[in-house]
Amino acid sequence: MTDVPAGSLPIANSPGAQGAPASKVRSYWGNVWNRLRYDPVTLFCMALIILIVLAAIFAPWLSPMDPEKSSMANRLRPIGYKKYLLGTDEQGRDMLSRMLWGGRVSLMMGILPVFFSTLIGGMFGVVAGYYGGKVNMVIMRTMDVFFAFPSVLLAVAIAGSLGGGIGNQMLTLTVVLIPPICRVAETATSQVRALDFVDAARASGASTISILFNHVLINVLSPVLVYSSTLVSISIILASGLSFLGLGVSPPTADWGLMLSTLRQSIYVQPLVTAIPGVAILITSIAFNLVSDGLRQAMDVKA
């Protein structure tokens, strides 16, 4: 045998004998962010939504004028007329100020009903999916009653019964959005309930509450949140539609849907000014839709 010079073989415990350090394993949310940061469309839409939200929050400081102060001498001025950057409406009120303040109401009607319906509908869906049997039948058949009506028709019927106002409008949208979220939560819970780790938790003596919060809910949360994000744009459009029909906020409160309704008579006089609220609704809805699509693709990963 050929003699091997001393020191030519690495010692087992020496640094040279050790392999390259293992790369850090990303968590689930780390993988989600890694996907999102390489999605320019989603990032752009997220930045756009943040700007819209910030503009609505800081409306008292950003508004150049009182949004409810009218001036009949300056009715329906065009975009860029003197100090009116976006023109004026049919009562001579500054459109820029009303758009900023109206964004507050429109965003609130888009986000808060989805938040409340996610809490309520998600809870009913998880309970129905986990217990099954008669509990599932009672909850889901009740939701099917609401599914029998188109969302717009159901919203108009409930709002017409309750009357106008921000509170009634929010309640209407929450009721309309509960059934679809409940259905998604029930389907996801039924799939998770049949998995091995849930059976193992039951066999170990874990309580039902512990299983629901520590094993079921954490796996159901992702699809429910992704689906809920798609409903924000629908909620904004429904709220604007109710305001357009006079079933939402009352004048002179600024709201994009109400502004679109009051300006529709002036479309042949100042079409560009009339279109501003509709463009804001369109851009905001598309931005929320694209963000929800990006979240759905990014969250479709395993830790």
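Which hand does the crossing of helix 6 and helix 7 have, right or left? The crossing is right-handed. Keep in mind as you look around that this is a predicted model.

**Two packed helices**

Two packed helices can be described by the angle between their axes and the distance between those axes. Here, helix 6 (residues 151–162) packs on helix 7 (residues 166–193) at an angle of about 145 degrees, and the axes are 9 Å apart. If you want to find the contact on your screen, pick out S151, L154, A155, I158, A159 and L162 on helix 6, then N168, L171, T172, V175 and V176 on helix 7. Sorted by type, the residues of this contact are 8 nonpolar and 3 polar, with no charged ones.

**Salt bridges**

Side chains of opposite charge can pair when their charged atoms come close. The count for this model comes to 5 salt bridges.

| Pair | N to O distance |
|---|---|
| R93 and D89 | 2.8 Å |
| D89 and R98 | 3.6 Å |
| D144 and R183 | 2.6 Å |

Are D89, R93 and R98 buried or exposed? D89 is buried, at 2% relative accessibility. R93 is buried as well, at 5%, and R98 is buried at 4%. Each of these values is under the 20% cut-off for a buried residue.

The pair D144 and R183 has another setting. D144 and R183 meet in a salt bridge, and because D144 lies in helix 5 (residues 133–147) while R183 lies in helix 7, the pair ties together parts that are 39 residues apart in sequence. D144 is partly exposed, with a relative accessible area of 26%, and R183 is partly exposed too, at 32%.

How many of the 8 residues of helix 10 are buried? The number is 6, so this helix is largely enclosed by the rest of the structure. The buried residues are W256, G257, L258, M259, S261 and L263. Their cover includes helix 2 (40–57), helix 4, helix 9 and helix 11 (271–298).

The N-terminal end of helix 10 is capped by D255, which places a side-chain oxygen 3.1 Å from the backbone nitrogen of G257. In the loop between helix 9 (208–244) and helix 10 (256–263) you will also find P252. The peptide bond that joins P251 and P252 is cis, with omega at about 5 degrees.

L76 has a phi near 50 degrees, a positive value in a residue other than glycine. K82, likewise not a glycine, has a positive phi of about 45 degrees.

Key
Residues are numbered from 1 along each chain as its sequence is written. This is a predicted model: local features need pLDDT of at least 70, side-chain atom pairs count only at pLDDT 80 or more; totals for chains, interfaces and linings use all residues. Side-chain values use heavy atoms; hydrogens and water are left out. Axes are lines fitted to C-alpha atoms, for helices over the stretch in contact, and angles run from 0 to 180 degrees between N-to-C directions. Helices (H or I, at least four residues) and strands (E, at least two) are DSSP runs, numbered from the N terminus. A crossing is left-handed if the near helix is turned anticlockwise from the far one by less than a right angle, and right-handed if clockwise. Contact means heavy atoms within 4.5 Å. Ala, Val, Leu, Ile, Met, Phe, Trp, Tyr, Cys and Pro count as nonpolar, Asp, Glu, Lys and Arg as charged, and the others, Gly among them, as polar. Buried means under 20% relative accessible area, exposed over 50%, partly exposed in between (1.4 Å probe, protein chains only). A polar contact is a pair of N or O atoms within 3.5 Å; within protein, one must be able to donate a hydrogen and the other to accept it, and residues adjacent in sequence count only if both atoms are side-chain atoms. A salt bridge is a side-chain nitrogen of Lys or Arg within 4 Å of a carboxyl oxygen of Asp or Glu.
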